[in-house]
Amino acid sequence: MIARRIWRSHRFLRPFSSSSVCAPPLLAPYHSQSFASPKSRPFLVPCLSLMKWCEGGGGSRSWFSNEAMSIDSDAGGGFIDVPLAQTGEGIAECELLKWFVKEGDPVEEFQPLCEVQSDKATIEITSRFKGKVALISHAPGDIIKVGETLVKLAVEDSHDALLVSSDTPGNVEPICSQPKLDTLVGALSTPAVRTLAKDLGIDINLVTGSGKDGRVLKEDVLQFSGQKQNVTDSAPSDNPFIRGDSVSTSFEDQIVPLRGFNRAMVKTMTMATKVPHFHFVEEINCDALVKLKHFFKEHNTDSTVKHTFLPTLIKSLSMALTKYPYVNGCFNEESLEIILKGSHNIGVAMATEHGLVVPNIKNVQSLSLLEITREMSRLQHLATNNKLSPEDVTGGTITLSNIGAIGGKFGSPLLNLPEVAIIALGRIEKVPKFKEDGSVYPASTMMVRI
Amino acid sequence: MSISRAPLMNLVRLKGTPILEQLHLEERLLRASTDNWCIVNDGTNVPTIVMGMSGKPSQLLEVGPVIKDRIPVIKRFTGGGTVIVDKSTLFVSLICNKDDVPSVQPYPRSVMAWSGSLYGEVFEGVDGFQLRENDYVFGDRKFGGNAQSIIRNRWIHHTSFLWDYNVRNMAYLKLPSKVPQYRLERDHTEFVCRMKDYIERSDFVEKTVKAVGNQFAMKEVNLEDIDSYAKGEHVKSTRLLTMEELQEAMASTAQSA
C-alpha cells in the first residue's frame, strides 16, 4: 500500500523540484553536493529502492528517479551510478560541458566530476563518495536528461554505498547474487540507444549486445522488445514500435509545437474560461450603417483608405461606452475591484497566419472615423507582417471580434482578460423582415453576441 | 542570546574595465576565494560579444560582420545566452557562499528568485519591473538577463544591464533558437528596452549596493588588493575566441546554409 502511494507521489513529483516533498530520510542517499540541501531531499529516493527491491526484479534500474542509486553487489565493494540530479523545476536536461576526471581516476568525496549547463547556469557536479571512476557514459556536448547516469563509480566500502538503513521493513534484500563484471559495468551503448530502451521500458542491461565488444545496438533493443511483447501478455501499448511486425510509416502522427501567438493564445484563453461568462445576443438593423459606408466609399478622396463597417462600429461602441462605463472596465480578481478605464482602447481581434492577435486602437473616444480607419489599417498591416509592438497589443479595455469577416453569423467569444466584455459581430446580411401589416421588406441585419 | 550578524560581502567598483578582465576576475573570485563578492562595472571599454559557456558562434552570431568589424568574442564561464556589451552597459555580479544565503538553494531557479527580489527592491516604484521567465523586464521588454555558475559551495549570478544600446550592434547577434515564451518571435529591437528610460544610472548603482547591503555587511575592496583574497591556481574557462575559431564558424555556417 505504502509503496504504491509512494510510487504515485514519485511519478507526480518526478518532473518537478524535489523540494516539494519533505519527510524524514531513511538514510542519506546519494546526492551531488551542488544540489538541493538535505532537508529538501524527500524520502522517495530510499523508498524507490524499497520499491525496486520489493518488485523482486533482478537488476531493473530506475533511470528516472531524482537520485536513484543502485547497488549491484553485496560483496565488499560495489558500483554506484551517478545520475544527473534535478537542477530545478522544469529543467529536464542539461548539456555536458566537460569532465574533470577520466576512467580509472580515483575520486575523493566532494571532488568535482564534471560540469553541465542548463539554460542559464553552469553547474559543477561533485562526487558524494570516495572511489574510482569505472565508466563514463557521456561525452562533452551530449545532452543528458535528468535522471540519466553520468558516470559509474566503483566504491570500496559497501557501507558508503548502501542506500537503505537496517530499520526498514524486512523485505529489503540485495537481490543480485554474483553479478559478472560486464553486467556490473553495465551494457555498452550510445545515449540514443539508452533513450530508446528507456522509452520502451526495457532494462538495457538485460539486452544482449550484438555490436563490437558486446555493444547494445538499436536493433538489439527492438528485437528484445519484440520478444518481451511475445512473452508477456501485457496491455496494448500505443508505442508504434511494439505494435505488430510491420509498422506503417505513411500515416504517422506529426507533432506541431505551439509557438508565438498560438502558444500565448492557448494560455490566455484557458484562463478566460475560468471566468463566468454571460452571453447576450441581439440582431441589429444595419441599414443606416450600410448607407453610411456607401457614402464614404463614394466620396472617398484618399485612395489609400479603404472604408469598411468596422471603424463605424468601433466609434459607435465608444459612444455607447461613454454612457455605460462599467462595460469598459477591468476586473482585478485579487482585490475584487473594477477599474473603470478612462480611455476607450478598443481591441480588434485579427486572425493572421501567425495566430490570433488582438491589437487595440487607443483613445477611440478622441478619434474621428477617419483616424480610426487609418489606425485600423496600420494595425492590420503590422499584424499580417507579425510586426505588432507590445504597445499595440497591451492596454486594451474592450474587444471586438469580427467573426463576420470570415463569414459566420454567430461567434461565441471568450473574454480577453482582464477586460470585462467582448463583442462578436456577425456578418451583415440582407434578410426579409415583416412589417406590422404583414408586408415584407428587406433589411440588412447583423447578429451581435455580447 | 546571540545576535546573528549579516555575512560579509566585499564590494568592488569598476569603471570601464574590459569585460574580459572583469570575467577573469569573477571566475577567479568564484573558484579561488571563500568570500562573498559584489562587483559593479560601470561600462566596458569596447563593444564586445559575450557568449555563454556552451555557445556556438555559428548559431548565435552573424560571424561574417563580426570578423569584418573585428568585434571581440568571449566565451564566459557561466551558462546563459549571448549579449553584446559596450560602454553604456552596466554590470552587476554577485558571488556568494551558499551557506551565507541560506534561503537560496544552489540551483538556478532558486538563485534567480532571490536575485529577482533583490532587484525588485532596486526598482521599487518603477512600473512594470519583474523577473519574467529568466529575464529582467519592464513589462515584456527585456533589459537584463541571467547567467550563473554553481559550484560546490558557491554560486555566481551576474547580469549585464542594457542601459542603452546601439541598434547596429544588435545586428551582430542572431535570433537564438532557444527563446523565452514571452518573446513571441519579436526581433531584438522589439524585444529589449533601454534601462535609461526607467531609472538614472547612478540611482541604479546606489540602489543596488543598498539592496545588497540590506542582506550583507558591505566592505569596499580595491582591485589592487584582490590578490590577498584569492590565492592559488584555479580552472580558467573564460577566454577570447581566436580568429581561427571564428573563421571556422563562418565556414561551418556557409556549409550548412
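Glu109(A) is partly exposed, with a relative accessible area of 39%; here buried means under 20% relative accessible area, exposed over 50% and partly exposed in between, with a 1.4 Å probe and protein chains only. This glutamate forms a salt bridge with Arg128(A), the closest N and O atoms lying 3.6 Å apart, where a salt bridge is a side-chain nitrogen of Lys or Arg within 4 Å of a carboxyl oxygen of Asp or Glu. Arg128(A), at 17% relative accessibility, counts as buried.

The model is predicted: local features need pLDDT of at least 70, side-chain atom pairs count only at pLDDT 80 or more, and totals for chains, interfaces and linings use all residues. Residues are numbered from 1 along each chain as its sequence is written, chains are lettered from A and ligands numbered from 1 in the order in which they are written, and side-chain values use heavy atoms, leaving out hydrogens and water.

**Salt bridges**

| Pair | Closest N and O atoms |
|---|---|
| Asp105(A) and Lys102(A) | 3.4 Å |
| Arg128(A) and Glu109(A) | 3.6 Å |
| Glu283(A) and Lys433(A) | 2.4 Å |

Glu283(A) lies in strand β9 (residues 281-285) and Lys433(A) in strand β18 (residues 429-434) of chain A, so this pair ties together parts that are 150 residues apart in sequence. Strands (E, at least two residues) and helices (H or I, at least four) are DSSP runs, numbered from the N terminus. Glu283(A) is partly exposed at 35% relative accessibility, while Lys102(A) is exposed at 55%. A network of salt bridges links Glu124(A), Glu27(B) and Arg31(B).

**Strand pairing in chain A**

Two strands pair if DSSP finds at least two bridges between them. An open sheet of four strands has the order β1-β8-β6-β3 (chain A), with antiparallel pairing. Its edges are β1 (78-83) and β3 (106-107) of chain A, each with a single partner strand, so one side of each lacks a neighbour in the sheet. Six bridges join β1(A) to β8(A) (residues 149-155), and Pro83(A) has Thr149(A) as its bridge partner.

Strand β16(A) (residues 398-401) is covered on both faces, with Ile398(A) and Leu400(A) buried on one side and Thr399(A) and Ser401(A) buried on the other.

**Chain B**

Chain B has eight helices and 13 strands, and 54% of its 257 residues count as buried.
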